[in-house]
Amino acid sequence: MFDLIVKGGTLPDGSTADIGIAGDRITAIAPTIGAQAGQVIDATGDFVSPPFVDPHFHMDATLSYGKPRINASGTLLEGIALWGELKEIVTVEEMVERGLRYCDWAASMGLLAIRSHVDTCDDRLLGVQAMLELRDKVKGYVDLQLVAFPQDGFYRDPTARDNTIRALDMGVDVVGGIPHFERSMTDGAASVRELCELAAERGLMIDLHCDETDDPMSRHVETLAYEVTRLGLQGRAAGSHLTSMHSMDNYYVSKLLPLMAEAELAAVPNPLINITIQGRHDTFPKRRGLTRVKEMQNHGIPVGWGQDCVRDPWYPLGTADMLDVAFMGLHVAQMTHPDEMRRCFDMVTQVNASILNLPDYGLYEGAQASLVVLDAGDPVEALRLRPDRLCVISKGKVISEQARNDARLSVPGRPGSVRRRHDPSETL
Ligand code: FE2
């Protein structure tokens, strides 16, 4: 007996199956499940995927665009300054309310796990209080993993070091940092060392904003890989952005990538933001601002796409849709081969889940019963159309449903509706 059966969907491997759910677990996957269920979702011809995962976000700032003013230059540095102004006037209640609105929106898009950096450069730690409260409020349907993030510099800000440690004591999950924003390369490297030691002492994961700059001499990722290996943090560490790598010397990168692979260091580029914010000091030719995605993958380095921002001091747009993120990444990294496009889909699902070390993630018997039904036939079509999420199931419960939405066409002699999808029987 099942509480819920999702019937006839196409799984990421191309097979068609029924998925039986009891409680919060997937308890059966088979070509046909004949048993009764409390609820049946017909996913015939639709694509059924494990939920989307965002490995890099700023929940404390989201949906604040325009407060107290917009980012006129569009640069990272004006965004940081603007966020500093907003921090002076923001309240815990407002951050919780914005976060709740965002999590509801994300859940409706099938985005059910989010790693969010929370700014610790505030002696009152209002953002930390708000995000811990939010993590608790949404835990029934969205897994929120928090990173203690000293936005203004672990050493550069006079109280950031103490406040970051306080945030970890309060229950923030992951150690964060921003070495390229410290006063000097030396300070940046020292911050990487101390932050890795903090993670090792406390048995935590670490995820640094690392080398988010166009400066090819910003090489903190080398120190991060070194410290991760020295301290045994393999598989628990990520470098976010790593944009400077796009302009590094090729010989140097040929040494760097094996060191990153040895450290089992994951990389989290954020294509919507990187293409928007980087290269702002360039004239022409103008750099794309994205790190070396395919080259890292060719060395066995896990690379996941992150979203970073939705309507905040750094980015005026955003949709809570990880397919939009992967779509931009696919273009900027030129990943247009069918195998590369499928990999882009995996990056916003399986790979991101592994970066967060999410337990029981995926579509298999015994896994947590979380999935999304998309109005598409397969992963590539999902990327092409970024279609409606017909049904989202989180921890065994249907939390969002949406009617299939074809366009009505009024052209004499032509069919009355337009389907954006190709025939599901067509395969790439
Ligand atoms: Fe970020």
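**Cavities**

I counted 3 cavities of 30 Å³ or more. A cavity here is a set of points, on a 1 Å grid over the protein atoms alone, where a 1.4 Å probe fits but cannot get out; points are joined across faces, edges and corners, and a volume is the space filled by probe spheres set on them. The model is predicted: local features need pLDDT of at least 70 and side-chain atom pairs pLDDT 80 or more, while totals for chains, interfaces and linings use all residues. Residues are numbered from 1 along each chain as its sequence is written, and side-chain values use heavy atoms, without hydrogens and water.

I looked up the largest cavity and found a volume of about 100 Å³. Its lining (residues with an atom within 4 Å of a point) has 14 residues, with His58, Leu76, His209, Glu212 and Trp314 nearest the centre. Helices H1 (76–89) and H8 (271–277) each supply at least two lining residues.

For the second largest cavity I noted about 80 Å³. Among its lining residues are Asp60, Trp83, Lys87, Asp119, Asp122 and Arg124. H1 and helix H3 (126–138) each give two or more residues to this lining.

**Helix pair**

I then examined H10 (residues 322–332) and H11 (residues 338–355), whose axes come within 9 Å and cross at roughly 135 degrees. Axes are lines fitted to C-alpha atoms over the stretch in contact, with angles from 0 to 180 degrees between N-to-C directions; helices are DSSP runs (H or I, at least four residues) numbered from the N terminus.

How values were computed:
On a 1 Å grid over the protein atoms alone, a cavity is a set of points where a 1.4 Å probe fits but cannot get out, and a pocket is an open set with protein on both sides within 12 Å along at least five of seven lines; lining residues have an atom within 4 Å of a point.
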